[in-house]
Amino acid sequence: MTRNLHLAVALEGTGWHPASWREPAARPTEIFTPGYWLDLVRAAEAGGVDFVTIEDSFGLQSSRFGAADDRVDQLRGRLDALLIASYVAPRISRIGLVPTVTTTHTEPFHVATALQTLDHVSEGRAGWQPRISASPDDAASVGRRTVPALDLEAYRRGEGQAIVHELFDEAGEVVDAVRRVWDSWEDDAIVRDVDSGRFLDGEKVHYTEFEGRYVRIKGASITPRSPQGQPPVIALAHATVPFEFAAAHADAVCITPHTPEQLREILAEVHDAEARLRPTSLPPLLVYADLVVLLEDNAEDAAAALERLDDQAGDTLASDALVVASTPAALVERLREGQRLGLDGFRLRPARLPADLDTITRSVVPALEQAGLRAPAPDGVAPGTAPRTLRDTLGLERPANLFTHQPALRDSEVSA
Amino acid sequence: MTTPSSLDARRQVHLAAHFPGVNNTTLWSDPRSESQIAFSSFRHFAQNAERGFFDYLFLAEGLRVREHKGRIYEADVAGRPNTLAILAAVAAVTEHIGLVGTLSATFNEPYELARQLATADHLSGGRIGWNIVTTSDAFHGANFRRGAFLDRDQRYVRAAEFLEVADRFWSSWAPDAVVADKASGRFLADGGVGEVEHHGLHFDVTGRATLPGGPQGRPLIVQAGDSAAGRDFAAEHADVIFSLHSEFADAQRFYADVKGRLPGHGRDEDSLKVLPAIGFALGDSRAEAEEKAREIALAQTSGATAIAFLERVWGRDLTEYDPDGPLPPIDPDPAGAGITQGRANNAADPKATADAWRERAEAERLSIRELVIALTARHGLVGTPAQVAAEIDRFVQERASDGFVIVGHTNPYGLDEFVDTVVPELQERGVYRRSYDEGATLRDLIGAQGRSSVGSSAAVR
Ligand SMILES: Cc1cc2nc3c(=O)[nH]c(=O)nc-3n(C[C@H](O)[C@H](O)[C@H](O)COP(=O)(O)O)c2cc1C
């Protein structure tokens, strides 16, 4: 049997098309309510999706690259993704929850404990989509540093690369520091030994001792090691610098090829980065492709629906990822082809929520199972067995603790 | 709703449920004690408190694992979840109870924390509170990007400015900012999302919130510092003050002190609630409850715990002393002040403290362990359920407090008995709610004023 094709859905607002909020089934006034997100995640879970990513950005959405716009015709506003994931976690039982949490202006220590907590609350189904904040507006909202304005055209000509380099270097440090915080308690650090009066075995709680260019963390986590130890880190990447970031720090990368040739090129580049930069502590990088999907029962209807949305938006849909406006059957063929070319899975971005999510769960997942590309999702948890973690679902072993074979680092003891 | 004008109405009791914390009050060795980190513990603790119609669940926070004599401290419960993430998760398994988390104004930034608190307020339907703490020492700073960047005398200055900026973000979306008219294609009202611009001593911020303020606008504000600066901060900004003054006469003095600071800020007496932390021991008779309190105190104070307690004042290793013997005759080491890291209470004058303790131990013929029990055990509420309810009522009617933060000593079942037996007695006395009002926010439960202090009130003017 071929390997199970991994299938994720990326949840963003009312969908990834900027006019999606105007669809009859869209619920744009509910995006700040918990029920909206619970409904979406439950639908994805019931439909057998492996994990959802919950998209986020440090600042308000904008149609301009790296700067605010004043548009009033597109959906604006969002809840914090990590907290949405934490909220839905106790009320779902199988699906992985992968919020976006940014790295540029956040505190790595808080990021680490928040993701550990999500992993505890979800019993091992947390993941993390790290993302940088490259906009001067995001920086100004914190006010502790400045990020120079980046003009997309200039960037494409090769200008401003240094800034992006720096932000990804920092993101790499953040991920490394966070992984050390995650591992700072060994799994059996809590001993509850009544005879010796010790709740904790201090020898099994390690100083993080992370000293980077951007990040320094001295102490252990305040949160005990979580069920997965290290929740999977899943990064979106479009170019060399983020490919290298993913190869050096992530468990999975989402890429955005538009053609089979591009897919081959990107895979070659990613694998080259992996060969150069992958630390031995990480398993082989999983590679997924992102697709924006708009699905109807026949191709003409799908094309017409996209055209109608584009008309409403006043522009054709511009996306980093390929837009597939088609039928479930045609999408399944693309996924099969992608797997044949070497992808481990796909992350689908529904153009319209909940419509395209419903079609994914109702038609695409069953078709993938019928085609033998995915085994049906196991129902529930067998009695007496540990719940399936997101790492289990993705075929990632539970990682060895980064500190296990190192002696504990300690301040010198205070003498009597 | 209480009506302050009706003079004969009995003052109502407010209760908060303190999730068992990371110090020796929490009995991890009790056979009924369960995981300090598993979500099932939080679920049970919160749902039980909600069954007892508590105002809120309270979570403390410390941003570094405690150390003693240069090592990780092993004798107490350690390990907690991230405050915001666990509050969001508990919101999903409760409906009415408030959820108050302790979060630092020093090691967070207003834009981001305002966004997280507003998110949690949306997710919980307006049930979020923020206990603002200000610890700024190097021990905690070492876990953060800027290290120990803040002078101690600036901690409340920063906290006040932090709250001011957060308020601006919480009220920066107009109430009708989201139009979402599908037919016309207008999502936002013109000018619906305001830009916040603030240039102050501690913050230099220009930005737009990614979301409207939550149902409460400004979440409930709790303060827990005890210094004069801390009390002033509470009098100006807080809705609840969380104190350690739980002995009746001392509690009355503290109550009068902080309430006396309110008029200076144009606030009335009821706008700030005073809730001291308190433990409890219940029995079928007072004697039985007192026996139980003794057992709890003994279990909370192992020999090792008692020695470590003295070491915090002596600043030196005292493990050679017998916890069941007399206090050490040697004096504290003046250089040993930082022997314990990660907790608030270091004695200001170790020599004077040691002398006073030795004097007391000699006079009352107390061993080290007995002295520590006498100093630390806080079982203010000891008796039958009816007696405990009467005592709570007395504190509230006689203005020693507006209620209590009840500290359970086992996790997660530590408040079950209280809810089963004391809550009905309080209800019987007519001083405690018998149900939650549908859709009540935490501000409604506490009887706190306003939505946001700048948001809707400013808009009305
Ligand atoms: C009852 C009480 C509870 C407290 N809980 C916490 C806590 O959970 N986390 C924390 O960092 N500080 C906590 N503190 C410390 C204070 O909030 C405050 O930051 C510190 O005491 C310095 O302020 P002060 O000098 O006004 O007391 C607590 C203080 C009191 C009195």
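**View 1. Three salt bridges link the two domains of chain B.** Across the interface of domain 1 of chain B and domain 2 of chain B, the rule finds 3 salt bridges, each a side-chain nitrogen of Lys or Arg within 4 Å of a carboxyl oxygen of Asp or Glu. Look for the side chains of B:Arg343 and B:Asp76, which meet in a salt bridge at 3.4 Å, N to O. This is a predicted model, in which local features need pLDDT of at least 70 and side-chain atom pairs count only at pLDDT 80 or more, while totals for chains, interfaces and linings use all residues. Residues are numbered from 1 along each chain as its sequence is written, and side-chain values use heavy atoms, leaving out hydrogens and water.

**View 2. The two domains of chain B.** Domain 1 covers 4-283 + 381-459 and domain 2 covers 302-376, with bounds from an automatic or database domain assignment. Their C-alpha centres lie 32 Å apart. Domain 1 brings 12 residues to the contact and domain 2 brings 11 (heavy atoms within 4.5 Å).

**View 3. The area buried between the domains.** Together the domains of chain B bury about 1000 Å², 47% of it on carbon and sulfur atoms; this is the accessible area (1.4 Å probe) that two parts lose on being put together, summed over both. On the domain 1 side, B:Arg66, B:His68 and B:Lys69 lose the most area to domain 2, together 49% of what that side buries.

Conventions: Chains are lettered from A and ligands numbered from 1 in the order in which they are written.
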